Amino acid sequence: MSNIINKAQDDAQNLTSSLDKLMQRTGLNEELINYLTIFTLVILAITLAKLAHFFAKKYLVHAVERLMEKTKSKYDDFFVKRKLIKRTALLVPAFVIYGFTDLLFKPYPQIYTILHNVVSSYFIIVVLLMIDSFLKATQDIYNSQPYSKDKPIKGYVQGVQLVFTLIGILTIISIIFNVKLTVVFTGLGAIAAVLILVFKDTILGFVASIQLSANNMVKPGDWIVMPSRNADGTVLEITLNTVKIQNWDKTISTVPTYALVSESFTNWKGMEESGGRRIKRSINIDMKSVSFCTPHMIKKFKKVKFLQEYIQGKLSELEEYNKQFDIDESSAINGRNLTNLGVFRKYLESYLTHHPKIHNNMTFLVRHLQPTEKGLPIEIYVFSKDQEWANYESIQADIFDHILAVIPEFYLRVFQFPTEEVSNQQIFEE
């Protein structure tokens, strides 16, 4: 091996001497001859480096990629897609120029130092590109797994990329300025406060990414609502610094990653995984229309399919109670009696229980709310089986269409402010 190196060095010296002699025949001065010799050697080194890269890319890279594509495993295809092999081939020119630097430029210390620093910096940049390709390919492999939807790692990958990039930049600085890497790191301590200020969002984003992933707070595909950022839609991407949210109007909101930890937001993932979507809406009943049921009302209600069993059982219960306490039934306020509002509420319960698109095994309420100057609110609190937005709205609308239409059948009225009625009366009078 030493014989080969010695022979290469002898050949390089012979080449340099030949160039010098060739330049001297031109009659130029010695300083200019030195510049021309150096220039010629640099051009020669660059040319050989380009040729080496060309052959490596055309034959070696092509052969390796073809071989990886023919394998049964799909994982190596991700490395081809991310150009890891092509970027590895970029190391060939660095090795060629580095070899020529040691062989040809040692007689020229300044040029030797410059080329050595440039090649070393180039080598580090190529290594960083290779690490970038490797990490992205690893992320692609991870994303191809089903569990990746619950635990995205993009924030971690970007954090690792950032660390390697910083180390690479500091190493290049140490090479260019000819100082030890430990000295560079020591100097960073003096400007740590400035660096923390500059990279504040990145540091906070990295920590937030870990918290979001570890606590399973949010992942791509989740529907979240963040009023403080005017965001309401589906999470598209979670990166080291930002979270992209596509709102329902198709606009894109970009929220800092750390904001999802420091500020409150609502994640609708629980609703989507539960299998139901809440319907919570009320109708205000005019309290003046509430009354005890007359025999005529009871006869009419007995004909309603959803009320037959309830009316029969309730009448028997009330009759037994009134007899037990010897109630004088000539007055409705004595004892217990059915009311049209109570029968209506029971009808709603039965109607919703038999509705094919309403969950009976989730929270199910038909209740009174606090009466106000706008009447007595009757609230429907149930869950639909269909969670898709359009279908959910359609189910909700159909239910309340029916409720509004059936209210008069129970001799009740929906409360409305009388402005429209007065306005119409004024129009007729005019």
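Predicted model: local features only at pLDDT ≥ 70, side-chain atom pairs only at ≥ 80, totals over all residues.
Lys 250 sits in the loop that runs between strand 3, residues 242–247, and strand 4, residues 252–256, and it has a positive phi of about 75 degrees even though it is not a glycine. As background, most residues other than glycine have a negative phi. Tyr 411 is another non-glycine residue with a positive phi, in this case of about 60 degrees, and its place is the loop between helix 16 and helix 17. Tyr 411 has a relative accessibility of 31%, and it therefore counts as partly exposed.

Let me stay in that part of the chain and turn to the aromatic rings. There are 15 aromatic pairs in the model. One of them joins Tyr 347 and Phe 410, whose ring centres are 5.4 Å apart and whose planes make an angle of 45 degrees, a tilted arrangement. This pair links distant parts of the chain, in that Tyr 347 belongs to helix 15, residues 340–353, whereas Phe 410 lies in the loop between helix 16, residues 389–406, and helix 17, residues 419–429, with 63 residues separating the two. Tyr 347 is buried, with a relative accessible area of 6%, and Phe 410 is likewise counted as buried, at 3% relative accessibility. A further pair is formed by Phe 415 and Phe 417, and here the centres are 5.5 Å apart with the planes at 80 degrees, so the arrangement is edge-to-face. Phe 415, at 23% relative accessibility, counts as partly exposed.

Which residues do ring pairs link into a cluster? They are Phe 301, Phe 306, Phe 344, Tyr 347, Tyr 351 and Phe 410. Two of these names, Phe 344 and Phe 410, come up again in the largest nonpolar core, which has 33 residues and in which Phe 344, Ile 399, Ile 403 and Phe 410 touch the most other members. The elements that give two or more residues to this core are strand 6 (277–285), helix 13 (295–301), helix 14 (308–324), helix 15, strand 8 (376–384) and helix 16. The largest share is that of helix 15, which supplies 7 residues.

Two rings also have an arginine over the face. Arg 277 lies over Tyr 392, at 4.4 Å from the ring centre, and Arg 281 lies over Phe 400, at 5.5 Å from the ring centre.

Now to the salt bridges, of which the count comes to 12. I would draw your attention to Glu 379, which is buried, with a relative accessible area of 4%, and which forms a salt bridge with Lys 280, the closest N and O atoms lying 3.3 Å apart. Here too distant parts of the chain are linked, since Glu 379 is in strand 8 and Lys 280 is in strand 6, 99 residues apart. Lys 280, for its part, is partly exposed, at 41% relative accessible area. Glu 379 also meets the side chain of Arg 367 in a salt bridge, at 2.6 Å from N to O. Arg 367 lies in strand 7, residues 365–368, so this contact with Glu 379 in strand 8 ties together parts that are 12 residues apart in sequence. Arg 367 is partly exposed, with a relative accessible area of 33%.

Elsewhere, Lys 219 and Asp 222 are joined by a salt bridge of 3.4 Å, N to O, and both Lys 219 and Asp 222 are buried. Arg 87, Asp 132 and Lys 136 are linked in a network of salt bridges.

Which element gives the most to the nonpolar patch? That is helix 7, residues 154–176, with 3 residues. Phe 177 lies in the loop between helix 7 and helix 8, residues 181–190, and Phe 177 counts as exposed because its relative accessible area is 59%.

Key
Residues numbered from 1 in each chain as written. Heavy atoms only, no water. Helix = DSSP H or I, 4+ residues; strand = E, 2+ residues; numbered from the N terminus. Buried < 20%, exposed > 50% of the residue type's maximum accessible area, 1.4 Å probe, protein only. Phe/Tyr/Trp six-rings, centres within 6.5 Å; stacked < 30°, edge-to-face > 60°. Lys NZ or Arg CZ within 6 Å of the ring centre and 35° of its normal. Core = buried A, V, L, I, M, F, W, Y, C linked by side-chain atoms within 4.5 Å. Salt bridge = Lys/Arg side-chain N within 4 Å of Asp/Glu carboxyl O.
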